[in-house]
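Please look at the sequence and the 3D structure below, and then read the short report that follows them.

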Amino acid sequence: MKTHSSFSVKLLAGLVAGALTLPICFAAEPAVAADPHANQAGGIEWRKDNNLDAAFALAKTSNKPLFLYWGAIWCPPCNQVKATIFNRQEFIEKSRHFIPVYLDGDSPSAQKFGAQFKVRGYPTMILLKPDGTEITRLPGEVDSERYLQVLTLALNTSTSINETYKLAAAGSKKIKAQDWRLLADYSWDDPDQKLVNPKEVPATLLHLAEVCPPGVTATRLYMKGLFALATAEPGDASGKVALDKTQALAKLSKALADPKVAHDNLDLVTGPAAELTNFLTAAKSPQRLKLVTVWNQALAKLSDDTSISKADRLGAVIAQVSLAKLDSAQISPALQADVKKRVTAIDQATTDAYERQSVVHSAAAALGSADLLDDSDALLKAELKRSHSPYYFMSTLGSNAKKRGDKAAALSWYAQAYDASKGPATRLQWGASYVSNLVDLAPTDDARIEKTVSGIFTEVAKTENAFYERNRASLDKIGKKLLEWNKEGKHQLVFQKVHTQLDGICAKLPASDPQKAACQGVLNRS
């Protein structure tokens, strides 16, 4: 939900089609947790007034860094962070040493600030110097212990992550162990990270792994580099990377076989299992069988490890399913039964409302990936009345119905999700999803498509900073879909109506406003 692309929690949104009706138990009514963003006595003194200039001024006068948290109430990874990191006493105590700023993506000017600080995916957490220099971009996908360790290192460094990277890339001997650790735990997968061109990330990480002193940090850099290479877009700089796959298999297998290394890198063990296995080995080859065996052994330990979060344990379960599906269209009844058993246990053990937003997302993904769509539906429907953001789960129900081929049910859920969504950026995102699915599933329903798009544009006209960051991405998604839908001119009447409506919105923007060009580009693409 990204939210930007990441490992672990952020990779759990993709469900695999299929269905098998089996009963499943659900948890009792969860307790509603206190808002972790509230300025409570003894809690974190979050600044939420969107006055970042004042926040940076305070950081300067108090000689403290500024901690910028960019998130949304609905996103599962954000709720995971709230439930497992922000509520920890250790984090609360550390917050006394920085100026904590919470920037909700639906708050006024949030998307404009997002563009300024290069944050798009939820959650993004950046530690900044009082002058705005980025100390580091903290990972949102790692376990709480590792997160707090990285935060401590970042608070104790006087060097920006950009300066550290330049020294490391040049092979400087001045780089300390803690600096290497910050590089290894940097959010390299964030498309808005500022260190290198995203296309250069695979080569950069593999180079850093090579020049880093041997040890666990070099291993983490190497594993990140492998995953970045495995998922790189065709034609980017990754094609220039010379990789010895035999050596890569040996290094990766060694890391997976070490329980401590696997635990310390659980985000890299659970997230990219199938992608890396498919990248490094041929289908049904002895090399694949060997790698899958050692990977499953590591995942089995993580799925049983109660010291890590419930969502991460479910991530290990999903990874096991993804490996099972690499060379087989179906998974075994035994694995399905194990998935159900683990989902049921974790669901029943999760009572915190924020944690449930993350856990239910992961649990539904686990069931869906195991071809248990009916069970996934039952879990999601039971959560609708409990969740503080039920529209998120309505969208997943729409996705499940779409996989079954039930177009009417899918569009009903997508419509309900859009209607229930709250907040300008959130409604625009959900509206874009609804339009996209309308075009895919009901392309001849011109009246419905026109009504939906027109309604979205009406809200856009009333939205401050509607053409920045995530808002712009959502509008571009709508524009691209409508242009594709009308490429043969079969829907020109509807297209022209909504085009005229958008032109009216663009005309009201001052010529000097950078949003004007963004607005004009939504439905005008060469």
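In which crossing, left-handed or right-handed, does helix 2 pass helix 17? Helix 2 passes helix 17 in a left-handed crossing, a term for a near helix turned anticlockwise from the far one by less than a right angle. This is a predicted model, in which local features need pLDDT of at least 70 and side-chain atom pairs count only at pLDDT 80 or more, while totals for chains, interfaces and linings use all residues. Residues are numbered from 1 along each chain as its sequence is written, and side-chain values use heavy atoms, with hydrogens and water left out.

The axes of helix 2 (residues 76-86) and helix 17 (residues 353-369) come within 7 Å and cross at roughly 135 degrees, and the two helices are therefore oblique to each other. Angles under 35 degrees count as roughly parallel, over 145 as roughly antiparallel, 65 to 115 as roughly perpendicular, and the rest as oblique. Pro-76 and Lys-82 are among the residues of helix 2 that meet helix 17, where Tyr-354 and His-361 are among the partners (contact means heavy atoms within 4.5 Å).

Turning to the strands, strand 3 (residues 124-128) is mostly covered, since five of its five residues are buried, that is, under 20% relative accessible area with a 1.4 Å probe and protein chains only. Its pairings, each of which needs at least two DSSP bridges, are listed here.

| Pair | Sense | Bridges |
|---|---|---|
| Strand 1 (residues 66-71) and strand 3 | antiparallel | five bridges |
| Strand 3 and strand 4 (residues 134-138) | antiparallel | four bridges |

Strand 3 and strand 4 form a hairpin with five residues between them, and Gly-132 in the turn has a positive phi of about 95 degrees.

Conventions. Axes are lines fitted to C-alpha atoms, for helices over the stretch in contact, and angles run from 0 to 180 degrees between N-to-C directions. Buried means under 20% relative accessible area, exposed over 50%, partly exposed in between (1.4 Å probe, protein chains only).
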